[in-house]
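Here is my note on the model, point by point. Please keep the 3D view open while you read.

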Amino acid sequence: MSARWVPTERLFGMKIISAVLCALDDKGASVTALLYGATVISWKSPSEGRDDAPPKERLFVSSKAALDGSKPVRGGIPVVFPFFGPATRPEHSKMGQHGFARSSQWHYVATVLDSDAGVSVQLGLKPTPEIDALYAFPWALTYTITLAAHQLTTDIAVKNTSATGGASFDFQALLHTYIAAHAASVSVSPLTGLTYIDKVAGGGERTESRELVDVRSFTDSVYKGAGGRYSVRWEGGGVDVRANGFGDVVVWNPNKEAGSKIGDMEDGGWDKFVCVEPGTASYWVTLGAGEEWKGQQVISAL
Ligand SMILES: O=P(O)(O)OC[C@H]1O[C@@H](O)[C@H](O)[C@@H](O)[C@@H]1O
């Protein structure tokens with residue numbers, strides 16, 4: 001068990017900015033997160049009940065992803081805040097898609113757990129003059145990354161830091177998790193019966209009739225009122241995802257159709273992942289003065 005810094009080391013053959021590495025040395029599990037965007041860029045874990053087998057990388061990161069803080073990472077777990085997708089409200093109009101959290105430099109707060117059961121580190125982000133120029137609200141973010149033998153948990157807390165009587169604000173938050181998977185055989189369930197926004201078809205709403213949702217064609221679906229427990233399976237592997245506090249889940253895979261137009265997506269990268277993204281994507285959370293909101297994702301390696 002340990003949490004340690006890996007400043008400007010080379011990972012994936014690329015020079016990265018400050019990162020924090022947590023490892024459960026005796027179990028072979030590890031997680032690496034950049035301070036840039038608080039982006040988890042690697043999670044290695046043995047399969048449950050297979051501790052004798054070597055740990056596997058569970059997240060996809062494009063070999064063309066920038067890991068030097070010049071742009072959001074194409075892969076891992078980018079943190080989306082204060083809005084999902086392109087800006088639709090005037091107060092977000094100065095920011096790029098998915099907001100500033102994934103492209104800001106966070107700071108290390110504390111190691112809140114370091115035991116045989118797991119390692120947990122907390123990162124924080126607060127307003128800076130640069131962010132204030134884009135988004136002037138009294139917000140603060142805390143992101144907690146917890147590694148256990150077969151599990152990765154990421155918790156996001158959004159706080160309204162204004163005193164009683166101060167301003168409230170609306171936000172959306174989402175964990176844009178790129179699960180390393182054999183996309184051609186991926187299924188995500190249970191989503192049957194849920195209403196989803198089909199962004200590929202222009203944003204109309206549909207009802208999901210499939211028991212197992214695949215991503216064999218370009219998929220960009222926002223499932224509303226999702227249950228918070230998802231089985232993600234593919235030939236030879238799978239993960240279980242539990243989400244708390246997030247009322248939606250987005251399933252995204254650009255396929256060749258859209259993936260080949262993404263500059264930092266490696267060729268064929270779309271065959272290697274499925275994004276399952278717990279979030280508040282179709283609705284806004286309003287946070288009054290002094291209030292706090294929390295969202296959590298727990299991913300178990302099978
Ligand atoms: O290219 P970005 O900004 O990282 O976004 C990737 C995708 O993120 C998904 O969450 C969205 O639903 C998609 O519409 C979007 O294309």
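1. Where does Arg74 lie? Arg74 lies in the loop between β7 (56-57) and β8 (79-80). Strands here are DSSP runs of E with at least two residues, helices are runs of H or I with at least four, and both are numbered from the N terminus.

2. Some ground rules. Residues are numbered from 1 along each chain as its sequence is written. This is a predicted model, where local features need pLDDT of at least 70, side-chain atom pairs count only at pLDDT 80 or more, and totals for chains, interfaces and linings use all residues.

3. Now the whole protein. The protein has two helices and 25 strands. For 302 residues, a compact globule would have a radius of gyration near 19 Å, and the protein agrees with its 18 Å. That radius is taken over C-alpha atoms, and the globule rule is 2.2 Å times the number of residues to the power 0.38. Along the principal axes, the C-alpha atoms fill a box of roughly 55 × 45 × 35 Å.

4. Of the 302 residues, 41% are buried. A residue is buried if 20 or more other C-beta atoms lie within 10 Å of its own, exposed if 12 or fewer, and partly exposed in between, with C-beta atoms placed from the backbone. Two residues are in contact if their C-beta atoms, placed from the backbone, lie within 7 Å. Among contacts between residues at least 6 apart in sequence, 64% join residues at least 24 apart.

5. The annotated binding site. The UniProt annotation "binding site", from an unreviewed entry, covers Arg74, Gln97 and Arg102. These residues are spread over 29 residues of sequence, yet they cluster in space, with a largest C-alpha distance of 13.3 Å. UniProt positions follow the numbering used here, feature names are shortened, and annotations may be inferred rather than shown by experiment.

6. Is Arg74 buried or exposed? Arg74 is buried, because 21 other C-beta atoms lie within 10 Å. Leaving out residues up to four places away in sequence, Arg74 touches Ser62, Lys64, Ala65, Asp264 and Met265. Arg102 sits in the loop between β8 and β9 (107-114). Arg102 is buried too, with 23 other C-beta atoms within 10 Å. Beyond four places in sequence, its contacts include Gly37, Pro72 and Val80.

7. The annotated active site. The UniProt annotation "active site", again from an unreviewed entry, covers His176 and Glu277. They span 102 residues in sequence, yet no two of their C-alpha atoms are more than 4.8 Å apart, so they gather at one spot. His176 is in the loop between β14 (174-175) and β15 (178-180), whereas Glu277 is in strand β23. His176 is buried because it has 23 other C-beta atoms within 10 Å. Glu277 is buried with 27 C-beta neighbours inside 10 Å. Glu277 touches His176, Val250 and Trp252, among others, not counting residues up to four places away in sequence.

8. Which residues are around the ligand? They are Gly85, Gln97, His98, His176, Lys199, Asp220, Val250, Trp252 and Glu277. To count as near, a residue's C-beta atom, placed from the backbone, must lie within 6 Å of the molecule. This shell divides into two nonpolar, four polar and three charged residues. Ala, Val, Leu, Ile, Met, Phe, Trp, Tyr, Cys and Pro count as nonpolar, Asp, Glu, Lys and Arg as charged, and the others, Gly among them, as polar.

9. Strands β5 (residues 29-34) and β6 (residues 40-45) pair in the antiparallel sense over four bridges. Strands pair if DSSP finds at least two bridges between them. Val31 stands opposite Trp43 in β6. Five residues lie between the two strands of this hairpin, and Gly37 in the turn has a positive phi of about 75°.

10. Finally, β12. In a regular strand the side chains alternate between the two faces of the sheet. In β12 (residues 151-160), the covered face includes Leu152, Ile156 and Val158, and the uncovered one includes Gln151, Asp155 and Lys159. Strand β11 (residues 139-148) runs antiparallel to β12, joined by 10 bridges. A hairpin of two residues links β11 to β12. β12 also pairs with β25 (residues 292-301) in the antiparallel sense, over nine bridges.
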